Amino acid sequence: MSDNIYIKSNYNIFLDNFVIFNLISKNYLQLNESLYSYLKRKNKFAEKDLEGVLDKLLNANIITQDNELLTLDYLYNSLKFDRTKASYIIYPTLTCNFNCNYCFETTKKESLNDSKTIILKNFLTKQTKLLSELSIRWSGGEPLIVWEKIKKITESIIKSDPDLKYNFSLATNGYFITKQIVKELNSLNFSSLQITVDGTRDEHNKIRYTKYDNDTYSSVINGIKIASQKLKVIIRFNVNKDNVSSFDDFLLDLQNHSVNNENIEIFVKPIRPKQDSSFCCDLINDSDFNKNELAFYEIAKNKGFKYSIHPNFNSNLRCLFHHINSFVIDPNLNLYKCAAHVSLNDKKVGIINNSEAVEITNLKYFIKTLSYSPIAIKECRDCSVLPICFGKCPLIWDDTNQPVDIGCIPDKVSYIDKFQQLFSNEK
Ligand code: SF4
Ligand code: SF4
């Protein structure tokens, strides 16, 4: 009698409590100890050895007969060219009340004017008729400076198709958050608010200040406190060489201000000044940052805070750069493929024109942005994180001689612990 042979997926994570999580299916199974150990130990299995559990294991992709790289290539390419979805990062203003010296927007003052606001609103409402999923992240500048415009545009999108699958979020410096704004964000179904902090009080105030306020930290912490009562708040802790050891103290301070931990998720990012910005501080390089990533995760866990997993881990793309239908939109309705490109003329790929449609004006560069593939890079093909990462950051990759670990997601070194935490939180 012939017996089918199955192989263990390359993308299983063996977690506590006999749980196996698969990174392709994003499914997990909790097994008995002997089956868990058996699957951990062996790489190939005969059908007769898995009687009674075969279908369950196959459905969760814990075992497979497929070439998994082909599956991942298919998942990546089918989403990359899927025009039924769109994700936009919109900069309604480049104006900011803060003067962070690493930020390129400090010298730019443009905001959406009235006519561009109408074009943008009409473009987005038309999109609701064409799409099955729409994700909009408002950024800036400080987007709450033009909150009334964002509110009106969002209301009209929802009105145009209340049943579409939306995801609205907003990235702010936290200074202008009030109970009223949080109430409005809630009623418009914003999924989260991202607030950036640059260290403990003194460190933050040294980098992030306004013309009239040398203690913006107090307002930002108050904003986090107000927002976390009702909304998911994602705190982005910007790290440089001076504040790399302050993460613990910052979390202690958050605890002392009685924020609502349940609604808070934290992640740490190295500061990367954009073109034409001056330097704020001693920058930490990627490999030093990655070495600290696990320590940040441990500190957050010990203080009772959730630590973010790579935000696109459940998508099949690294970021919107790779998606044919997704763009970063500036206040003049110019289109880019990465937020780091805003205001760089040679990186502009198109515009939302006066007919309220996307017009590609730099086809050569647009095609190049769609030419990257993780499967073409050996390090990615061999990488156990490929199904949650989907390849190098193209900006970093193109700028280097492509050494190992460059342009990777920070989770490459910490993903097992993070999934362990995610699973523990869900139980
Ligand atoms: S973590 Fe690095 S090597 Fe692994 S898939 Fe992502 S970019 Fe490729
Ligand atoms: S910096 Fe790189 S990974 Fe990040 S959004 Fe831009 S292209 Fe994507």
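Author: A residue counts as near a molecule if its C-beta atom, placed from the backbone, lies within 6 Å of it. This is a predicted model, where local features need pLDDT of at least 70 and side-chain atom pairs count only at pLDDT 80 or more, while totals for chains, interfaces and linings use all residues. Residues are numbered from 1 along each chain as its sequence is written, and chains are lettered from A and ligands numbered from 1 in the order in which they are written.

Reader: Thanks! Which residues are around ligand 2?

Author: By class, the shell has 7 nonpolar residues, no polar ones and 1 charged. Here Ala, Val, Leu, Ile, Met, Phe, Trp, Tyr, Cys and Pro count as nonpolar, Asp, Glu, Lys and Arg as charged, and the others, Gly among them, as polar. The residues are Arg318, Cys319, Phe321, Cys338, Ala340, Cys393, Pro394 and Leu395.

Reader: And which residues come nearest to ligand 1?

Author: The shell around ligand 1 divides into 8 nonpolar, 2 polar and 3 charged residues. Of the 13 residues around this ligand, those that come nearest are Cys380, Cys383, Cys389, Cys408 and Lys412.

Reader: How far apart are the end C-alpha atoms of helix α8?

Author: Helices are DSSP runs (H or I, at least four residues), as strands are (E, at least two), numbered from the N terminus. The expected span is 1.5 Å times one less than the number of residues, so the 15 residues of α8 (216-230) should span 21 Å. In agreement with this, the end C-alpha atoms are apart by 22 Å.

Reader: How far apart do the C-alpha centres of domain 1 and domain 2 lie?

Author: The chain is divided into domain 1 (5-66) and domain 2 (81-307), with bounds from an automatic or database domain assignment. Their C-alpha centres lie apart by 39 Å.
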